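Subject: Structure handover

Hello,

Here is the structure I promised to pass on. Please open it and keep it on screen while you read my notes below.

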Amino acid sequence: MKRILIVEDDMTMNKMLSNILLAEGYKVTSAYTVKEAQHYFQTGTFDLAILDINLPDGSGYEVCKVIKEKSSTAVIFLTANDLEQDITFMMTEGL
């Protein structure tokens with residue numbers, strides 16, 4: 001069974017994504033902060049991480065860097081940020 005880590009601080013969005021993925025047969029772990037995400041990632045393995053960029057205690061970019069340093073887990077960014085500078089940052093940082 002594929003394992004997915006969802007890192008999204010909006011409880012409604014997090015719950016909705018979790019329910020959809022659970023219904024499709026995935027094992028889902030939800031985190032709401034960078035600290036929680038880092039804890040879950042250090043204590044488990046995931047096939048995919050879905051990351052919000054704007055989190056209450058930091059950035060999804062921080063989580064992505066930790067993930068990419070330690071594994072080959074795939075990452076999808078989920079964000080309301082739609083500015084060109086946000087896309088450029090992800091590309092220049094190799095995210």
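From the N terminus on, the elements of the protein chain follow the order β-α-β-α-β-β-β-α-β-α. That makes four helices and six strands. Please remember that this is a predicted model.

Start with the sheet. Four strands build an open sheet, and their order is β2-β1-β3-β6. The pairing is parallel. Strands β2 (27-31) and β6 (74-78) are at the edges. Each has a single partner strand, so one side of each has no neighbour in the sheet. On average, neighbouring strands here are turned by 20 degrees against each other, direction ignored.

Strands of a sheet pair through backbone hydrogen bonds, and the pairing can be parallel or antiparallel.

Now look at one pair. Strand β1 covers residues 3-7, and strand β3 covers residues 48-52. They run parallel, and four bridges join them. To find your place, pick Leu-5: this residue stands opposite Ala-49 in β3.

Next, the helices on the sheet. Helix α2 (residues 34-43) packs on the sheet and touches β1 and β2. The direction of α2 makes about 145 degrees with that of β2. Helix α3 (residues 60-70) also packs on the sheet. Its strands are β3 and β6, and the direction of α3 makes about 175 degrees with that of β6.

How do α2 and α3 cross, and how close do their axes come? The axes come within 10 Å and cross at roughly 15 degrees. Angles under 35 degrees count as roughly parallel, and α2 and α3 are therefore roughly parallel to each other. Their crossing is right-handed.

Which residues make this contact? From α2 come Val-34, Ala-37, Gln-38, Phe-41 and Gln-42. From α3 come Glu-62, Val-63, Val-66, Ile-67 and Lys-70. By type, the residues of the contact of α2 with α3 split into six nonpolar, two polar and two charged.

Last, two figures for the whole chain. The protein chain has 95 residues, and 38% of them count as buried. Then take the contacts between residues at least 6 apart in sequence: 66% of these join residues at least 24 apart.

Best wishes

Notes: Residues are numbered from 1 along each chain as its sequence is written. This is a predicted model: local features need pLDDT of at least 70, side-chain atom pairs count only at pLDDT 80 or more; totals for chains, interfaces and linings use all residues. Side-chain values use heavy atoms; hydrogens and water are left out. Two strands pair if DSSP finds at least two bridges between them. Helices (H or I, at least four residues) and strands (E, at least two) are DSSP runs, numbered from the N terminus. Axes are lines fitted to C-alpha atoms, for helices over the stretch in contact, and angles run from 0 to 180 degrees between N-to-C directions. Contact means heavy atoms within 4.5 Å. Angles under 35 degrees count as roughly parallel, over 145 as roughly antiparallel, 65 to 115 as roughly perpendicular and the rest as oblique. A crossing is left-handed if the near helix is turned anticlockwise from the far one by less than a right angle, and right-handed if clockwise. Ala, Val, Leu, Ile, Met, Phe, Trp, Tyr, Cys and Pro count as nonpolar, Asp, Glu, Lys and Arg as charged, and the others, Gly among them, as polar. Buried means under 20% relative accessible area, exposed over 50%, partly exposed in between (1.4 Å probe, protein chains only).
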